[in-house]
Amino acid sequence: MARKTRMLLRTNSILLVCLAALAAADCGSTESSPTGPSPTPGMAGPAPEPNAEPGTLEVEVTPNPVPWSGAQISDGGCGDVPNTWFYSQVLRNTSESTIVVSDRTDYFNNREVSRRSNLGITLDPGAQTAVTTRWCSASSGFQTAQTNWSVTDTTTAAVLTVAGPRVMLQAK
């Protein structure tokens, strides 16, 4: 008799578990699925706009080609170097987002010669700024220069590297 009671108890237990599982599955089917990720508590700043295009930086060099100058540059290791060139790089934000220009990497004759970080140049949509650039060399012959810029879009948080135009530094 004890055997029949144990068997009946097992059967009823299994039946009860199956019914509970069916009821739980049926309850969950009425909920709608989320359309996007849930916000994370403690996140700072606005969420990036969906489908927003990342900011863009346009770089224009004036003049290019750059004439040989010979004007003395008193700092930056150029004090006694007779061959110099000066030009302006116009950085223009052509996007609808505010961008921050953070870093620059300078190349002279296709070789990296300097890196500068934490520039903090903030450009609102449509804004521009000019950066005066100067070079010196022991050689008075034809040279090339280029600056690459690191930019962060404050709306999408996209980080971009923008290669400036190749600059032709004319011989003496």
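Analyst: Strands are DSSP runs of E with at least two residues, helices are runs of H or I with at least four, and both are numbered from the N terminus. This is a predicted model, where local features need pLDDT of at least 70, side-chain atom pairs count only at pLDDT 80 or more, and totals for chains, interfaces and linings use all residues. Residues are numbered from 1 along each chain as its sequence is written, and side-chain values use heavy atoms, without hydrogens or water.

Start inside. In soluble globular proteins, nonpolar side chains tend to be buried together.

Val 131 is then in contact (heavy atoms within 4.5 Å) with Tyr 87, Ser 88, Gln 89, Leu 91, Arg 104 and Trp 149.

Next, look at strand 7, where Thr 152 sits. Is Thr 152 buried, exposed or partly exposed? Buried means under 20% relative accessible area and exposed means over 50%, with partly exposed in between (1.4 Å probe, protein chains only). Thr 152 is partly exposed because its relative accessible area is 27%. Beyond its neighbours within four places in sequence, Thr 152 touches Thr 98, Ile 99, Val 100, Ala 158 and Val 159. Take Ile 99: it is 53 residues from Thr 152 in sequence, yet their C-alpha atoms are 5.5 Å apart.

A covalent link comes next. The model has 1 disulfide, a pair of cysteine sulfur atoms within 2.5 Å. Cys 78 and Cys 136 form it, with their sulfur atoms 2.0 Å apart. The link is left-handed, with -70° about the S-S bond. Its two ends are 58 residues apart: Cys 78 is in the loop between strand 1 and strand 2 (83-93), and Cys 136 is in strand 6 (128-137). Cys 78 counts as buried because its relative accessibility is 8%.

Now the backbone. Most residues other than glycine have a negative phi, and most peptide bonds are trans. This chain has exceptions. The bond joining Thr 62 and Pro 63 is cis, with omega about -10°. The bond from Asn 64 to Pro 65 is cis too, with omega near 15°. Pro 63 lies in the loop between strand 1 and strand 2, and Pro 65 is in that loop as well.

Two residues have a positive phi without being glycine. Asn 109 has a phi of about 50°. Its place is the loop between strand 3 and strand 4. Asn 109 is partly exposed, because its relative accessible area is 32%. Ala 157 has a phi near 65°. Ala 157 sits in the loop between strand 7 and strand 8 (159-163). At 54% relative accessibility, Ala 157 counts as exposed.
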